[in-house]
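Subject: Structure for you, with notes

Hi,

Here is the structure I said I would pass on. Please open it next to this email and read along.

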Amino acid sequence: MPLKAVLFDMDGVIVDTEPLHKKAYFKTFEDLNIEVSDALYSSFTGNSTKKVCELLIQKFSLSQSVEEISEIKRKYFKYLFDHDSEFQLLPGVYSLFENYRAHGITMVLASSATMNTINWVFERFNIGHFFKAKVSGAELKESKPHPEVFNLAAELSGASKSECMVIEDSTNGILAAHRANIFCAAYRSENSKNQNYDLANIVVSTFDDLKAERIQAYF
């Protein structure tokens with residue numbers, strides 16, 4: 001069957017929000033007076049803010065609520081989002097959107113980010129018109145690596161799972177796509193350190209390798 005829909009992760013695939021999130025999280029850790037190692041932080045990749053806050057509360061026996069910690073982090077993130085000049089779309093991804101649209105391929109966002117963050121990104125870079133739907137894992141019962149976000153995104157695309165492809169950059173996201181039984185292309189970005197791509201169907205370092213003319217060979 002031909003490829004009919006692409007389900008995009010956002011962080012580390014469409015935009016480089018990972019450095020902003022890391023700066024915001026580590027400012028939050030300072031406010032909470034906790035020390036989080038780089039290895040522990042890497043294990044959070046692909047999880048929703050809510051899930052990360054739950055893990056922090058559990059690991060460090062924090063007295064603050066998930067909502068309180070989330071709000072601290074959100075304020076730092078929004079400031080960086082608005083003021084960090086290095087924050088741009090990842091190279092080649094806008095061209096990929098245009099390529100899929102030209103080939104009639106439906107695009108759905110399937111991110112662990114909050115809908116607020118998703119909307120900020122879509123508005124800042126004017127990319128909403130490319131997408132049929134947006135799914136925020138933060139609003140679902142389960143986070144990646146649970147497959148719920150991709151199951152819902154595939155359903156919203158209108159295509160069958162065998163006609164869908166996920167583009168992911170994190171261990172948790174790739175595992176979620178695998179558990180959803182959807183073809184997964186792993187994007188090896190500069191900021192996706194210590195991630196495991198073993199369960200991905202293909203691994204690429206440039207979006208040119210995912211353009212419709214090339215990727216249809218896998219479907």
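This is a predicted model: local features need pLDDT of at least 70, side-chain atom pairs count only at pLDDT 80 or more; totals for chains, interfaces and linings use all residues.

**Helix 3 against helix 4**

Start with helix 3 (residues 49-60) and helix 4 (residues 66-83). Their axes come within 9 Å and cross at roughly 120 degrees. Helix 3 is therefore oblique to helix 4. The crossing of the two is right-handed. Helix 3 brings Thr49, Lys50, Cys53, Glu54 and Ile57 to the contact. Helix 4 answers with Val66, Ile69, Ser70 and Lys73. By class, the residues of this contact are 4 nonpolar, 2 polar and 3 charged.

The loop between helix 3 and helix 4 holds Ser61. Its phi is near 50 degrees, which is a positive value in a residue other than glycine. Ser61 is exposed, at a relative accessible area of 65%.

**Helix 4 against helix 6**

Helix 4 also packs on helix 6 (115-125). Here the axes come within 12 Å and cross at roughly 5 degrees. An angle under 35 degrees counts as roughly parallel, so helix 4 is roughly parallel to helix 6. On the helix 4 side, the residues are Arg74, Phe77, Lys78, Phe81 and Asp82. They meet Thr117, Trp120, Val121 and Arg124 of helix 6. This contact has 4 nonpolar, 1 polar and 4 charged residues.

Past helix 6, look at Asn126. This residue sits in the loop between helix 6 and strand 3. Asn126 has a positive phi near 50 degrees, and it is not a glycine. At 54% relative accessibility, Asn126 counts as exposed.

**Helix 5 and its buried face**

Which residues of helix 5 (residues 93-102) are buried? They are Val93, Leu96, Phe97, Asn99 and Tyr100. Seen down the helix axis, these buried residues fall within an arc of 165 degrees, so they line one face of helix 5. Their cover includes strand 1 (5-8), strand 2 (106-111), strand 4 (164-168) and helix 9 (212-215).

Just after the helix, Gly104 takes a positive phi of about 70 degrees. Pro91 is exposed, with a relative accessible area of 65%. Pro91 and Val15 are 76 residues apart in sequence. In space, the C-alpha atoms of Pro91 and Val15 are 9.1 Å apart.

**A cis peptide bond**

Check your handling of omega here. The peptide bond from Lys144 to Pro145 is cis, with omega near 20 degrees. Pro145 belongs to the loop between strand 3 (133-136) and helix 7 (148-157).

**A loop serine**

Is Ser170 buried or exposed? It is buried, because its relative accessible area is 2% and buried means under 20%. Ser170 is in the loop between strand 4 and helix 8 (171-179). Leaving aside residues up to four places away in sequence, Ser170 touches Thr45, Gly46 and Gln195.

That is the list.

Best wishes

Technical notes:
Residues are numbered from 1 along each chain as its sequence is written. Side-chain values use heavy atoms; hydrogens and water are left out. Axes are lines fitted to C-alpha atoms, for helices over the stretch in contact, and angles run from 0 to 180 degrees between N-to-C directions. Helices (H or I, at least four residues) and strands (E, at least two) are DSSP runs, numbered from the N terminus. Angles under 35 degrees count as roughly parallel, over 145 as roughly antiparallel, 65 to 115 as roughly perpendicular and the rest as oblique. A crossing is left-handed if the near helix is turned anticlockwise from the far one by less than a right angle, and right-handed if clockwise. Contact means heavy atoms within 4.5 Å. Ala, Val, Leu, Ile, Met, Phe, Trp, Tyr, Cys and Pro count as nonpolar, Asp, Glu, Lys and Arg as charged, and the others, Gly among them, as polar. Buried means under 20% relative accessible area, exposed over 50%, partly exposed in between (1.4 Å probe, protein chains only). The arc is that of the directions from the helix axis to the C-beta atoms.
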